Amino acid sequence: MSEKLIPNLLVEDNKFCPGCGHGIINRVVAEVLEEMDLADKAVGSLAVGCACLMMDTFGTDWIQAPHGRAAAVAVGVKRVRPECCVFTYQGDGDSLAIGFSETMYAALRNENITAIIVNNGIFGMTGGQMAPTTLPGQRTTTSPQGRNADTTGQPVNIINQIKEVPVGYLARGSVDTAKEINKLKKYIRTAIETQMSGGGYSLVEILSPCPTNWKMTLEASLDHIKTKVKETYPLGEYVKNGERVDA
Amino acid sequence: MSRRLMKGNDALAEAAVRAGCRFFGGYPITPQSEILEYLSARLPEVGGTFLQAESELAGINMVYGAAAAGFRAMTSSSGPGFSLLQEGISYIASAELPAVIVDVQRYGSGLGDIFQAQSDYHMATTGGGHGDYHMLVYAPASAQESVDLMCLAFNKAEEYRNPCLILTDASIAQMMEPVELPEMKEVNPDKPWAVRGKSGQDFKKITSTMYYIDDFDTYIKEKYDAMAEKEQRWEALHIADADVVLVAYGISSRICKEAVATAREQGIRLGLLRPITVWPFPVDGFKEVNPDVKAYLTVELSSLPKLDIDVKLACKMKSPVENFLGGAVIPESQQIIEKAVSVLEKVEATSCLKN
Ligand SMILES: Cc1ncc(C[n+]2csc(CCOP(=O)(O)OP(=O)(O)O)c2C)c(N)n1
Ligand code: SF4
């Protein structure tokens, strides 16, 4: 009866807001690393944003990169320590606004790292400003009338940007239902398997709620992902073993 | 030891390899691109990694990652790229990691031009990036010194766990000179602090050390104070009896050396104080200067005075400080002598007035 349910990698309670998707994603990543016996070999690269709260609570080696640059830092580690399991854990603002170039070029060089990108459609930590992934019409503190895509650009779909490039693995998951969380775990596992077998760049984007800055209850947030967010960001695997699987 | 004829940039690159550097991430810019070109061939020969980054921002952050993993790592750039490196350098300093950065200075602000210059002095010596930090900044005056200071920079970077900068310029970097190269050094990357995966309670965090050190303000001040006290390096030439002491580093100092020798033959008492570290500025060297020195003359390749303020502080404003500014043009030694003589005449004229 004394079966341990919480992964050892989660060394402290997380510090995210109640209902935040980051907590679930942390747990899934921790389970995968432990099940794959990689906990002792893992090095994470994160920058700022809510992800950086993991530094004390998630017990892998970490490097805190400057805002946006986590992929470049991860590349520096992986190139000198290829035996390590090197991953980035970033928000959408971090990886797709300021860090778009670092994210894209890690993919273009097919670097053997795993990128975990949490798409909550907003800048969470700085208080809910517009992100590259914010949906048209979505209100944020810097798009108070709702995002106008004519003047601010279309939402960034990083998977569409990368799927034409030769990379190892690409998938988009979500944490809105238990079923999706189980699928997400498979995606993260495949991404890390891809890296550890030298299969090239792997990226898992994850749709995740930010009830605090969406100013919604958790229930309404999950509903919003199901009904609205998935339309713009369809779920599934896009590239596997270096081959397109979505077509 | 082996002796070779090498370009300054190549000498810097080979010295880095011999000092145990096994990772380079950087981006081309004149006049430092030979460093990339050289290392792209050389690092793989010794099992190291060369990566042409998509930008200086990525390059310095790759260095951050490799350094965090315990490896000796470096990048290099010039003016416009050096500006972009500042963000990453500040993070590396704040995480207290070793790394070596090279700035082969070029002329002007903005895009500027590719001529030799010494315009990045303030960005190099005041930290450059955001927040409270410094780098040990070494200013070689020859290809040989580039080699020697590169090796020293890697050792000091590890000793202090702090990024170190080689501040050079196009003329030293592009000139060919004979150099003695040191033996190849192998450095164990498995530092106790290096990230390489250890889960649970033993995990390591590479981030600003301020989060983990009690009374961080005192700690960090003591660290940089110790560097400022112990790491000053300079070369002095005839300063004990000089009427005018020239202060110059890098390429400018070589012309000044010739100026001192020629002036002395003519009975003009010039001296030279050459900072080898520009941070920390060698204030201790000024204690050996003739107490009756009439003036200091800084000589540098920039449009605006840069050394001026450090010299004024080092001599405690007891003597006038004048500037010879070459812009992008390396002066003739005779021009420096003439300027020194005019400075002397000016000082003597004003002291007559005071009498
Ligand atoms: C250079 C720089 N610019 C801006 C910031 C401020 N900043 C901190 S977090 C953040 C946005 C993070 O948003 P996201 O990556 O989407 O992560 P989330 O907090 O939503 O999980 C910004 C702009 C910074 N730390 N550094
Ligand atoms: S602000 Fe949003 S993303 Fe950040 S912890 Fe809170 S709910 Fe999560």
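So, ligand 1 and A:Ile122: an oxygen atom of the ligand sits 3.0 Å from a polar backbone atom of that residue. That falls inside the cut-off for a polar contact, a pair of N or O atoms within 3.5 Å. On its own, ligand 1 has 590 Å² of accessible area, and the protein covers 75% of that; areas here come from the Shrake-Rupley method with a 1.4 Å probe.

Quick housekeeping. This is a predicted model, where local features need pLDDT of at least 70 and side-chain atom pairs count only at 80 or more, while totals for chains, interfaces and linings use all residues. Residues are numbered from 1 along each chain, chains are lettered from A and ligands numbered from 1 as written, and side-chain values use heavy atoms, leaving out hydrogens and water.

Back to the shell of ligand 1. It has 16 residues, where being near means having a heavy atom within 4 Å. Among those that come nearest are A:Gly93 and A:Asp94. Helix H4 (92–98) of chain A gives the largest share, four residues, and strand S5 (122–123) supplies at least two. Helices are DSSP runs of H or I of at least four residues, and strands are E runs of at least two. By class, we get six nonpolar, eight polar and two charged.

What about ligand 2? A:Cys50 turns up here too, together with A:Cys17, A:Cys20, A:His22 and A:Cys210, among others. Helix H9 (residues 211–214) of chain A brings the largest share, three residues. The classes are six nonpolar, four polar and no charged.

Now the inside. The largest nonpolar core has 127 residues, and B:Met150 is one of those with the most contacts inside it. A core, by the way, is a set of buried nonpolar residues of the kinds Ala, Val, Leu, Ile, Met, Phe, Trp, Tyr and Cys, joined through side-chain atoms within 4.5 Å. Helix H6 (residues 143–160) of chain B gives this core its largest share, 10 residues. Beyond its sequence neighbours up to four places away, B:Met150 touches B:Leu12, B:Met74 and B:Ile166, among others; contact means heavy atoms within 4.5 Å.

Last stop: is B:Ser119 buried or exposed? Its relative accessible area is 17%, so B:Ser119 is buried, the cut-offs being under 20% for buried, over 50% for exposed and partly exposed in between. B:Ser119 lies in the loop between strand S6 (113–116) and helix H5 (121–125) of chain B.

Note on methods:
Polar contact = N/O pair within 3.5 Å; in protein donor to acceptor, adjacent residues only side chain to side chain. Nonpolar A, V, L, I, M, F, W, Y, C, P; charged D, E, K, R; others polar. Buried < 20%, exposed > 50% of the residue type's maximum accessible area, 1.4 Å probe, protein only.
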